[in-house]
Amino acid sequence: MRTPRLLYWLTAYYLGMSALLFAAGWLYPEVRAFLPIGGVEALLSAPPQGPLATVQIGASQVGNFGESLMWLIIAIAGALLAALPVSWTYMEIRARSDYDQSLVETIVVLPMIVTGIIIIVHNSLALAFAIAGIAAGVRFRNSLKSTGDALFILLAIGIGLSSGIGAVELAIVMSIAFNYVFLMLWITDYGARKGTQRFLRKHEPEPGASENALAEPEPGPQE
């Protein structure tokens with residue numbers, strides 16, 4: 001997938017998702033009270049609370065099993081839909097020699113896992129400490145090949161956190177901002193200096209350098 005084509009598909013994807021959300025809200029305005037959206041408004045308008053206060057996840061109108069199941073499915077699906085185009089960006093900009101398929105799968109799956117964890121612990125400090133203890137006991141050892149890869153993981157966690165508190169709209173905005181800003185920086189090679197290795201790309205030889213000049217000299221005949 002070429003970069004201009006990726007920008008085209010990203011734009012079409014986000015416009016289509018936005019149109020679908022607006023159409024659903026316009027046709028069924030009463031459904032909005034049962035969807036995992038509006039969490040940002042609740043966070044910004046909430047009065048200051050103590051450090052141990054619980055976080056509202058935008059599900060105050062959910063009152064039965066069917067509604068809670070619908071809320072959960074939409075929250076996890078929103079995390080997936082927001083993270084999917086992020087994986088496209090990674091697949092486009094990563095050099096083939098350093099490409100990591102497991103990271104692509106992590107970008108897609110991690111937000112859904114984080115969404116579920118946030119729903120579990122959002123009203124229980126004991127559960128939060130229990131999850132932290134379990135995560136500390138299970139050692140995840142994986143060295144990222146680039147500092148840029150850490151940005152994708154951090155974004156995936158942010159998308160999961162947003163969806164878990166009922167702010168799918170924030171997850172989508174984060175996905176849009178990250179993809180377009182990251183691609184623009186990559187296309188323009190922002191911050192690069194002459195003679196240095198380009199970010200997330202294979203090293204490009206100096207102009208005018210030939211393959212013979214870069215190759216190691218063959219050892220001469222031994223006396």
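This passage walks through a predicted model of one protein chain, from its overall fold down to a few single residues.

Starting with the big picture, the chain holds eight helices and zero strands. Reading along the sequence, the pattern is simply α-α-α-α-α-α-α-α. Of the 223 residues in the chain, 29% are buried. As for how the chain meets itself, take the contacts with a separation of 6 or more: 76% of them join residues 24 or more positions apart.

Next comes the inside. The largest nonpolar core has 26 residues, and V86, F152 and I159 are the ones that touch the most other members. Helix α7 gives the most, with seven residues. Setting aside neighbours within four places in sequence, V86 is in contact with I107, F152, L155, I159, S175, F178 and N179.

A search of the whole structure finds nine aromatic pairs. In one of them, the rings of Y14 and Y180 have centres 6.3 Å apart and planes at 45 degrees; that angle falls between the limits of 30 and 60 degrees, so the pair counts as tilted. Y14 sits in helix α1 (residues 3–27) and Y180 in helix α7 (residues 168–188), so to speak a link between distant parts of the chain, 166 residues apart.

The rings of F152 and F178 make another pair. Their centres are 5.1 Å apart and their planes meet at 80 degrees, which is over 60, so this pair is edge-to-face. Here too, distant parts of the chain are linked: F152 belongs to helix α6 (residues 147–164) and F178 to helix α7, 26 residues apart. Both F152 and F178 are buried. They also belong to one aromatic cluster, formed by Y90, Y99, F152, F178 and F182.

Y99, another member of that cluster, is found in the loop between α3 and α4. Its relative accessibility is 33%, which lies between 20% and 50%, so Y99 counts as partly exposed. Leaving out neighbours within four places in sequence, Y99 is in contact with Y90, M91, R94, V104 and K145. Y99 and K145 are 46 residues apart in sequence, yet 8.9 Å apart in space, C-alpha to C-alpha.

Not counting residues up to four places away in sequence, S163 touches W71, A75, G78, A79, T115, V168 and A171. I157 is found in helix α6 as well, but at 33% relative accessibility I157 counts as partly exposed. With residues up to four places away left out, I157 touches L110 and V114. The C-alpha atoms of I157 and P111 are separated by 5.7 Å, although the two residues are 46 residues apart along the chain.

Finally, there is the open space. The largest pocket holds about 720 Å³. It is lined by 24 residues, and the closest to its centre are L21, F22, L35, I37 and I172. Helices α1, α3 (65–93) and α7 each supply at least two residues of the lining, and α1 gives the most, with eight residues. By type, the lining divides into 19 nonpolar, three polar and two charged residues.

Terms used: Residues numbered from 1 in each chain as written. Predicted model: local features only at pLDDT ≥ 70, side-chain atom pairs only at ≥ 80, totals over all residues. Heavy atoms only, no water. Phe/Tyr/Trp six-rings, centres within 6.5 Å; stacked < 30°, edge-to-face > 60°. Helix = DSSP H or I, 4+ residues; strand = E, 2+ residues; numbered from the N terminus. Buried < 20%, exposed > 50% of the residue type's maximum accessible area, 1.4 Å probe, protein only. 1 Å grid on protein atoms, 1.4 Å probe; cavity = no way out; pocket = protein on both sides within 12 Å on 5 of 7 lines; lining within 4 Å. Points joined across faces, edges and corners; volume = space filled by probe spheres on them. Nonpolar A, V, L, I, M, F, W, Y, C, P; charged D, E, K, R; others polar. Contact = heavy atoms within 4.5 Å. Core = buried A, V, L, I, M, F, W, Y, C linked by side-chain atoms within 4.5 Å.
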